[in-house]
Amino acid sequence: MKKYLFPVGMFLIYFVIVFACEFLGFLSPLLWVYFGVLAALLAAAPVMAAASKSDKIGTIALFPIIYLLIMLLLGEVSQPIVFICVILVSILAEVVRKLVGSKKQLSLRLGYAVAALAPGMYLLPLWTKTDWYYEGAVEEMGSQAYADSLMKFATPLGLIALIVLCFAVGYLGALIAEKLFKNKVRIAL
């Protein structure tokens, strides 16, 4: 029972961080679109801490997948593309970790960097269902000006920037997590 308390605690911290980053989107359209970048940085510590305890497949993927399931229960996942892409990103994170070598520290960093794309996937309807997203933003924010500002990001370059930034900042977050914990975030062998 005790061995499950640590990963559960780390997931709760992860959940609070990602959820709080999502709420920052109410402050500005930029924060709305790029909340996943901030989440990639801040959520690295709990994921790295939990994943460093095990080289078993699925350790990193569990964080975004459980978050996704909770968001589904809360009615916050409205498009199938979000569900599909979060699952695919989570699986890809584990594939990368195994391909690099699950006992190597680089695999943990790269695995997290890929998994850090998952929060950004919640914004995919901005690019795939732009009109629907626009209407939802007007309703949610009560402001057409806010929704208009969001549409400035609905370009292919905006999507590429989101993906690249989430990955790069996720990797940086993994490195910072290692330094914060004075290299205790290492794969347990």
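## Helix α4 against helix α12

In this predicted model, the axes of helices α4 and α12 approach each other within 8 Å and cross at roughly 70 degrees. An angle of 65 to 115 degrees counts as roughly perpendicular, and α4 is therefore described as roughly perpendicular to α12. The crossing in which α4 passes α12 is right-handed. On the α4 side the contact is made by Ala44, Ala45 and Met48, while α12 contributes Gly173, Ala174, Ala177 and Glu178. Sorted by class, the residues in this contact of α4 with α12 are five nonpolar, one polar and one charged.

How many of the eight residues of helix α4 are buried? Eight of the eight residues in this helix, which covers residues 44–51, are buried, so α4 is largely enclosed by the rest of the structure. The residues concerned are Ala44, Ala45, Pro46, Val47, Met48, Ala49, Ala50 and Ala51.

The buried residues of α4 pack against several other helices, namely α1 (2–23), α3 (35–42), α5, α6, α7 and α12. As background for reading such a helix, an α-helix has 3.6 residues a turn, so residues three or four places apart point the same way.

## Helix α7 against helix α12

Helix α12 (residues 156–180) also meets helix α7 (residues 105–115), and here the two axes come within 7 Å and cross at roughly 135 degrees. With that angle, α7 and α12 are oblique to each other, and α7 passes α12 in a right-handed crossing.

Which residues form this contact? From α7 come Gln105, Leu106, Arg109, Leu110, Tyr112, Ala113 and Val114, and they meet Cys166, Phe167, Gly170, Tyr171, Ala174, Leu175 and Glu178 of α12. By class, the contact of α7 with α12 consists of 10 nonpolar, two polar and two charged residues. Ala174 and Glu178 of α12 take part in this contact, and these residues are also listed in the contact of α12 with α4.

A disulfide is a covalent bond between the sulfur atoms of two cysteines. When the whole structure is searched for such bonds, zero disulfides are found. Cys85 is in no disulfide, and the nearest cysteine sulfur to it, which belongs to Cys166, is 13 Å away.

Cys85 counts as buried, with a relative accessibility of 18%. Cys166 is likewise in no disulfide, its nearest cysteine sulfur being that of Cys21, at 11 Å. Cys166 is buried too, with a relative accessible area of 1%, and it is one of the α12 residues that meet α7.

Gln79 is placed in the loop between α5 (62–73) and α6 (80–100). Is Gln79 buried or exposed? Its relative accessible area is 12%, and Gln79 is therefore buried, since the cut-off for that class is under 20%. Apart from neighbours within four places in sequence, Gln79 is in contact with Pro125, Lys129 and Trp132.

Lys129 is partly exposed, with a relative accessible area of 41%. Although Lys129 and Ile81 are 48 residues apart in sequence, their C-alpha atoms are 10.0 Å apart in space.

Methods:
Residues numbered from 1 in each chain as written. Predicted model: local features only at pLDDT ≥ 70, side-chain atom pairs only at ≥ 80, totals over all residues. Heavy atoms only, no water. Helix = DSSP H or I, 4+ residues; strand = E, 2+ residues; numbered from the N terminus. Buried < 20%, exposed > 50% of the residue type's maximum accessible area, 1.4 Å probe, protein only. Contact = heavy atoms within 4.5 Å. Axes fitted to C-alpha atoms, helices over the stretch in contact; angles between N-to-C directions. Parallel < 35°, antiparallel > 145°, perpendicular 65-115°, else oblique. Left-handed = near helix turned anticlockwise from the far one by under 90°. Nonpolar A, V, L, I, M, F, W, Y, C, P; charged D, E, K, R; others polar. Disulfide = S-S within 2.5 Å.
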